Amino acid sequence: RYCAAHGVIFTTGKLDGVAACLTADHRFTRRGLIAAGLLLGPVRMGPTAFRRLMRNDAFLAEIRRRCAPPSAWYLWMVGVDPAVQRRGAGSHLIRQVLAAADAEGAGCYLDTHRIDNVRFYEARGFEIVAEGRVPASGLPYWAMARRAARPRARARRGPDDRRPFRPAAPRPAHERRRGAPRVGAPHPVRD
């Protein structure tokens, strides 16, 4: 929800995968996090798990502040339906993210807790910029960054240029159609 209102969202054509990014000029705000449902976190997760999540996130935010390039997009989340994992959906999403960031002359930054993800992102041009264990939980983490592939160009855009899907603000639950996607229509997929 937060990226739907304040960032950039990329999806696969069938909505079986999504990547959520925040651009370099974005800063988290308490108001934005509350509007995105953060107040429900302790209720949904339980207070102990929520405090653990907040300590983990605060630690990674400090790592991000020190290690992320200033112009980098923050790749906050990538998720693919388990039924279609290892079939190229994640790679497709990352290509969309990187193409959009490259068009803006921006690099990308992410953090992960899984070594399998490290290998996946390294194969797509990311490098480890910090690694270790989160002090409060002992979870391993890897912070990774990728430089922009080319500098920002002021080229004329044609009809086939890909642009990221920037959804409108989410509608209240009572206005949504049953079964409709929460973030809006999917970004068209072109192969």
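**Entry 1: strands E5 and E6**

I looked up Glu127 and found that it stands opposite Ala145 in E6. Glu127 lies in strand E5 (residues 127-133), which is joined to E6 by six bridges, and the two run antiparallel. I took helices (H or I, at least four residues) and strands (E, at least two) as DSSP runs, numbered from the N terminus; two strands pair if DSSP finds at least two bridges between them. E5 and E6 make up a hairpin with six residues between them, and Gly138 in the turn shows a positive phi of about 80 degrees.

I note that the model is predicted, with pLDDT of at least 70 needed for local features and 80 or more for side-chain atom pairs, while totals for chains, interfaces and linings use all residues. Residues are numbered from 1 along each chain as its sequence is written, and side-chain values use heavy atoms, with hydrogens and water left out.

**Entry 2: strands E2, E3 and E4**

I next examined E3. E2 pairs with E3 in the antiparallel sense over six bridges, and Cys21 stands opposite Leu75 in E3. E3 and E4 run parallel and are joined by two bridges; the bridge partner of Tyr74 is Tyr109 in E4. From E3 the chain crosses through H5 to E4, a β-α-β crossover that is right-handed (with the strands pointing away from the viewer, the path from the first strand over the helix to the second runs clockwise).

**Entry 3: the nonpolar cores**

I then asked which residues touch the most other members of the largest nonpolar core. They are Phe10, Trp73 and Leu75, in a core of 23 residues. Such a core is a set of buried Ala, Val, Leu, Ile, Met, Phe, Trp, Tyr and Cys residues joined through side-chain atoms within 4.5 Å; buried means under 20% relative accessible area, exposed over 50%, partly exposed in between (1.4 Å probe, protein chains only). The elements giving two or more residues to this core include strand E1 (8-11), strand E3 (73-80) and helix H6 (115-122). H5 supplies its largest share, seven residues.

Not counting residues up to four places away in sequence, I found that Leu75 touches Ala19, Ala20, Cys21, Ile94, Val97, Tyr109, Leu110 and Tyr121. Apart from this core lies another, of eleven residues, including Leu22, Ile63, Ala130 and Ala143.

**Entry 4: Ser91**

Is Ser91 buried or exposed? Ser91, which has its place in helix H5, counts as buried because its relative accessibility is 15%. Leaving aside neighbours within four places in sequence, I found Ser91 in contact (heavy atoms within 4.5 Å) with Phe120 and Arg124.
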